[in-house]
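Welcome to my notebook. I wrote these entries while finding my way around, and you are welcome to look along with me.

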Amino acid sequence: MSHRQTVIDLRSDTVTRPTPGMRAAMATADVGDDVFGEDPTVRRLEERVAELLGKEAALFVPSGTMSNQICIKAHTQPGDELICDVNSHIYNYEAGGPAVLSGVMCRTIEGDCGVFDVADLEGLIRPENDHLVRTRLVCLENTHNRGGGKIFPLEKIRAIASWAHRHGLLVHLDGARLWNASIATGVPLRDWAEHCDSVSVCFSKGLGAPVGSALAGTKDFVKRARKIRKLFGGGMRQAGVLAAAALYALEHHFHRLAEDHHHAQMLAQAVRNSPHLLLHPSVIETNILYADVEPGWSTAPDFARALAQHGVLVLPVSPQRFRMVTHLDVSHAQVEQAAEILEQTARTLALRAA
Ligand SMILES: *Cc1c(COP(=O)(O)O)cnc(C)c1O
C-alpha cells in the first residue's frame, strides 16, 4: 500500500516490520518443540544472549512484559516489596503485574528521568517487623523509556547493586533497550549485566524483530524462570522461527542503532528550532524524544493530528506531551523530511495563532 511508503511512523520503535533478510532467516530456521527443549534455533539464541550478557543462561520469552514479570516472580515471595522508579515500565505499563502475578508491592522513588542514586535508596529497606513487608528487589531500567531514552550510568548501577547486595536485596535490570545504552556509550552489554541478578532484553524494539524478549541470569534462576514461563502461558513450541528473527537482528541490526541515535539528534534539533515546542528532557542520549507543546498554544493531540496530515506520526502521551522514537524503518531521508515537516508545522501554527 502507498500508505506504508509515505507515512513516517515515529510513534515507537516497536512498529518496525521484519526485513526481507530477516524473513528469509525465519523461513529457513531449524525448529523443534521448545517446550520439550528441542528447538535448536531457540537454544542457539539463548546461548548467544547468555554469552552477550555474560550470564550462565538465558530464556526466550514472548514479550518484555512477561520477561520482567517472570523475573519479579522468580526473585520474590507474595508480600514482598520491590523498589523502582515512579516512571518505570514495570510500574506503569505492565497492567499491575507485580501485584497481580506475584503479590508484590511496588515502592516508587522519584528518579531524574528514571535515573537515581544509592542515596535515594538509603532508608527504604523495611526492618524485620511483623507489621511490615519484606523489601526484596530493586528494579532498574536502561535505557529509560519514559525518561526519554536516558542511559542509567554504569557507575550508578554498580553503586546501587553493591549497596543492594550488601543489604541482601536482589537487582533486576529491565534492559528492553540495553542495546541502545551499549551502542551509545561503547560499554559492552555484559558490563551492565554483571551487576544485576537478572536482565531482560527485547528484540522487538530497535532491533526490529517481530516478537520476543529474553531474560538472563544464573542457571538456577533460569530453571525457575522456565517453570514460571510455563505458568504464565509463555511456553512456545516451534519458536525457532521467532528466535531466528532475533538472531538475525542481533547480527544485522545491533550496530546500526548508532544511526537511530544520530536521527534522534536531528529531530531534537528540529524541536529546538520550532516555536512553542520544548524538549523534555532537553538532552537526547539515544533514540527516544519527548516534546512539550506550550499550553494555550496547542495540545499534543492537535499537534500530532497536524503532523499526521503531512504523513508524520508521533505519539501523544499526555495533553501537552508527545513522543518520537527513531528506528530501523525510518531512513535518513525520512528523518530529514520529518524534521522539516515538524518545524514547518510548528511555524505555520504559530503564525495562525499570532
Ligand atoms: C517495551 C518495553 C518493555 C516490554 O514491552 P513489551 O511490549 O511487553 O515487549 C519493557 N520495558 C521497557 C522499558 C520497554 O520499553
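**Entry 1: ground rules.** I count a salt bridge when a side-chain nitrogen of Lys or Arg lies within 4 Å of a carboxyl oxygen of Asp or Glu. This is a predicted model, where local features need pLDDT of at least 70, side-chain atom pairs count only at pLDDT 80 or more, and totals for chains, interfaces and linings use all residues. Residues are numbered from 1 along each chain as its sequence is written, and side-chain values use heavy atoms, with hydrogens and water left out.

**Entry 2: D80 and R134.** I looked up D80 and found a salt bridge to R134, with 2.8 Å between the closest N and O atoms. D80 sits in strand β3 (residues 80–85) and R134 in strand β5 (residues 134–141), so this pair ties together parts 54 residues apart in sequence. My strands (E, at least two residues) and helices (H or I, at least four) are DSSP runs, numbered from the N terminus. Is D80 buried or exposed? I noted D80 as buried because its relative accessibility is 3%, and R134 as partly exposed, at 40%. For these words I use under 20% relative accessible area for buried, over 50% for exposed and in between for partly exposed (1.4 Å probe, protein chains only).

**Entry 3: more charged pairs.** I read that side chains of opposite charge can pair when their charged atoms come close. How many salt bridges does a search of the whole structure find? I got 17. One joins the side chains of R237 and D33, at 3.2 Å from N to O. R237 is in the loop between α11 (219–231) and α12 (240–252), while D33 is in the loop between α2 (20–27) and α3 (40–53), so the pair ties together parts 204 residues apart in sequence. I have R237 down as partly exposed, at 39% relative accessibility, and D33 as buried, at 14%.

I then checked E285, which forms a salt bridge with K150 at 3.6 Å between the closest N and O atoms. This pair links distant parts of the chain, 135 residues apart: E285 is in the loop between β9 (277–279) and β10 (288–293), and K150 in the loop between β5 and α8 (154–166). E285 is partly exposed, at 28% relative accessibility. I also found R256, E259 and D260 linked in a network of salt bridges.

**Entry 4: the ligand.** Which residues surround the ligand? I listed S63, G64, T65, N68, H89, E94, E141, N145, D174, A176, R177 and K205, counting a residue if one of its heavy atoms lies within 4 Å. By class, this shell has 1 nonpolar, 6 polar and 5 charged residues. Helix α4 (residues 64–75) gives the most to the shell, with 3 residues.

One is 2.9 Å from a polar backbone atom of G64. An oxygen is 3.0 Å from an N or O atom in the side chain of N145, and an oxygen is 3.0 Å from such an atom in the side chain of K205. Taken alone the ligand exposes 380 Å², and the protein buries 83% of that; the areas come from the Shrake-Rupley method with a 1.4 Å probe.

**Entry 5: S200.** I found S200 in strand β7 (residues 198–202). S200 is buried, with a relative accessible area of 0%.

Definitions and conventions: Polar contact = N/O pair within 3.5 Å; in protein donor to acceptor, adjacent residues only side chain to side chain. Nonpolar A, V, L, I, M, F, W, Y, C, P; charged D, E, K, R; others polar.
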